[in-house]
Amino acid sequence: MKTYQYIFLTTALFTILFYEQSIGLNLGILGIVYTLLTLYKTSERNRTKSFLLLFVTSILSSIAFAWYADFPSFLAIITSLLLLSYRAKNRRMKILLLIPVVIVNACTFICRFFNFQSWLPRRNFSGLGQKLVAFVLIPFILLAVFFGVYSVGSNHFANLFSYIELDINLWEVFCLSVVGIFIAFNYWNYEVEKYIYMQNHVLNNDFGEKDKIQKATYSFMELDVERMSGVISFVLLNILLIFFIATYSYEQFYEAAKTPVQLSEETHEGVNAVILSIIMAILVIMFYFKLGFNFDPKARLLKILAQVWIFLNGVLVCSTLTKNTEYIINYGFTYKRLGVYGFLILSLIGLLLTFIKIQKKKRNAYLFNTMAWWFYGTILACSYINWGGIITSQNVKRSDFAVNYHIKSVHFNDKILLKYADEKQNLPLKKQISDKVHHENSVSFLSKVLYYETFKN
């Protein structure tokens with residue numbers, strides 16, 4: 001199959017799957033079809049380990065969206081398919097460059113689409129094919145477009161055809177076709193501009209030979225002076241951080257008990273401060289170890305002080321993790337409190353990678369390239385796991401279980417709430433959850449969310 005055939009096939013499939021449907025199972029089916037077609041279209045040479053991993057995660061993300069149809073699973077399926085398509089053509093390009101590639105192709109879609117010679121076959125169609133395109137397809141498209149324009153401009157014109165009853169909503173078909181071809185064209189026929197290709201080497205993980213040359217960062221500061229400035233800075237920062245850890249730990253664990261509202265505010269403020277501190281710490285280390293100091297034999301003390309600072313920041317993160325755990329034990333699970341775990345674990349990973357960067361003498365780009373994969377893994381974890389079910393299953397054991405909160409603000413916990421309603425003989429709650437499940441099960445097949453199909457009648 002040629003590229004244009006993939007474009008037309010998936011555009012038609014998109015229109016069929018979403019015609020008079022809401023988003024649900026249909027997007028999961030579309031994602032699986034895109035994934036399988038990408039595997040079929042990709043040459044053996046480009047089927048690398050990362051490509052095959054993305055193939056698996058794209059299938060799983062499609063299933064996850066068909067199961068939950070929520071925002072995390074939507075983000076996972078979109079990210080997985082974009083990465084899969086990108087890796088299918090660019091096995092050595094860094095994934096961070098996917099962002100400008102997507103933006104540039106979306107902005108240039110119209111120009112590239114109407115440049116038919118660049119993506120449609122140059123050879124002539126058969127006689128029948130020419131006639132179908134010239135006598136049917138082109139006139140139909142023009143007629144549909146101008147009919148829509150004239151109908152908007154004149155009610156009488158639109159009413160002239162009101163006696164014609166069609167079971168097909170042509171305007172919806174047209175709009176879906178436009179969206180479908182926009183997605184398909186940018187997926188199968190995207191381009192990586194030469195300027196973006198040229199930036200790939202900037203994101204290499206390892207230093208080149210010319211980067212190992214010892215030279216001062218600034219013309220007004222000698223290398224020895226800059227090195228000593230780094231030593232003094234890290235000594236002072238380590239002392240400051242030790243005092244901060246001591247005072248922060250005292251406030252968190254030893255001060256008099258506070259009200260739940262005060263504790264919540266202080267915990268969130270502390271977490272925000274810790275995460276900001278970690279980001280700034282990594283940026284400072286990236287500043288000093290961006291080039292020559294990685295290979296400077298006189299920078300041993302500077303490296304040790306930087307690693308001590310990384311360790312102390314790790315202690316600060318662990319302290320915050322402990323406080324968040326205590327907070328959950330006292331007041332229960334929420335999405336935000338689980339999110340705090342996620343951010344703090346990513347912070348620990350960032351610190352560990354920074355330590356590896358110094359030890360293995362990697363470029364700053366190593367941190368961005370590696371963290372991009374960890375963020376992608378976080379997106380997958382958020383989409384594959386039923387966090388709402390976990391939250392409710394733990395909180396339902398508490399004596400202060402807030403039923404209304406778990407009905408309105410927690411998702412995919414209906415089975416647990418039904419069981420809770422039976423145990424407490426709460427008939428209004430049972431009816432409310434049963435009505436919701438019945439409503440979800442009554443939608444058309446392609447709009448279904450498979451999670452609700454697991455409920456027994």
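T354 sits in helix α14 (residues 335-360); helices here are DSSP runs of H or I with at least four residues, strands are E runs of at least two, and numbering starts at the N terminus. With a relative accessible area of 0%, T354 is buried, where buried means under 20% relative accessible area, exposed over 50% and partly exposed in between (1.4 Å probe, protein chains only). Leaving out neighbours within four places in sequence, T354 touches I282, I285, I310 and L367, a contact being heavy atoms within 4.5 Å.

A word on the model itself. It is a predicted one, in which local features need pLDDT of at least 70 and side-chain atom pairs count only at pLDDT 80 or more, while totals for chains, interfaces and linings use all residues. Residues are numbered from 1 along each chain as its sequence is written, and side-chain values use heavy atoms, with hydrogens and water left out. The pLDDT, the predictor's confidence in each residue on a scale from 0 to 100, averages 87 over the protein chain, and 91% of the residues score at least 70. Among the elements of the chain, α2 has the highest mean (97) and helix α8 (residues 155-159) the lowest (70). Where pLDDT is low, the predicted coordinates should not be read in detail.

Next, the nonpolar packing. A nonpolar core is taken as a set of buried Ala, Val, Leu, Ile, Met, Phe, Trp, Tyr and Cys residues joined through side-chain atoms within 4.5 Å. The largest one has 46 residues, and I7, F18, L30, Y34, Y86 and W188 have the most contacts inside it. Two or more residues of this core come from each of α1, α2 (25-41), α3 (49-68), α4 (71-89), α5 (98-107), α6, α9 and α15 (364-384). Helix α4 gives the largest share, 7 residues. L30 touches L13, F14, L17 and F18, not counting residues up to four places away in sequence. Apart from this core lies another, of 36 residues, including I245, I275, A299 and A306.

Then there are the aromatic rings. Rings of Phe, Tyr and Trp (its six-membered ring) pair if their centres lie within 6.5 Å; planes under 30 degrees apart count as stacked, over 60 as edge-to-face and the rest as tilted. By this rule the count comes to 33 aromatic pairs. One of them joins Y6 and W188, a tilted pair at 4.9 Å centre to centre with 35° between the planes. This pair links distant parts of the chain, with Y6 in helix α1 (residues 3-18) and W188 in helix α9 (residues 170-188), 182 residues apart. Both Y6 and W188 are buried. The rings of W119 and F185 have centres 5.2 Å apart and planes at 80°, so they make an edge-to-face pair. Since W119 lies in the loop between α6 (109-113) and α7 (127-153) and F185 in helix α9, this pair ties together parts that are 66 residues apart in sequence. W119 is buried at 7% relative accessible area, and F185 is buried at 0%. W119 and F185 also belong to one aromatic cluster, together with Y4, F8, F109, F113, F114, F116 and F182.

Charges over rings turn up too; the test is NZ of Lys or CZ of Arg within 6 Å of the ring centre and within 35 degrees of the ring normal. K89 lies over the face of Y190, 4.4 Å from the ring centre, and K415 over the face of F455 at 5.6 Å.

Q425 follows α18 and has a positive phi, near 55°, although it is not a glycine. Q425 is exposed, with a relative accessible area of 69%. A69, in the loop between α3 and α4, likewise has a positive phi near 55° in a residue other than glycine, and is partly exposed at 24%. D296 is found in the loop between α12 (260-288) and α13 (300-331) and counts as buried at 6% relative accessibility. D296 and R227 are 69 residues apart in sequence and 9.5 Å apart in space, C-alpha to C-alpha.
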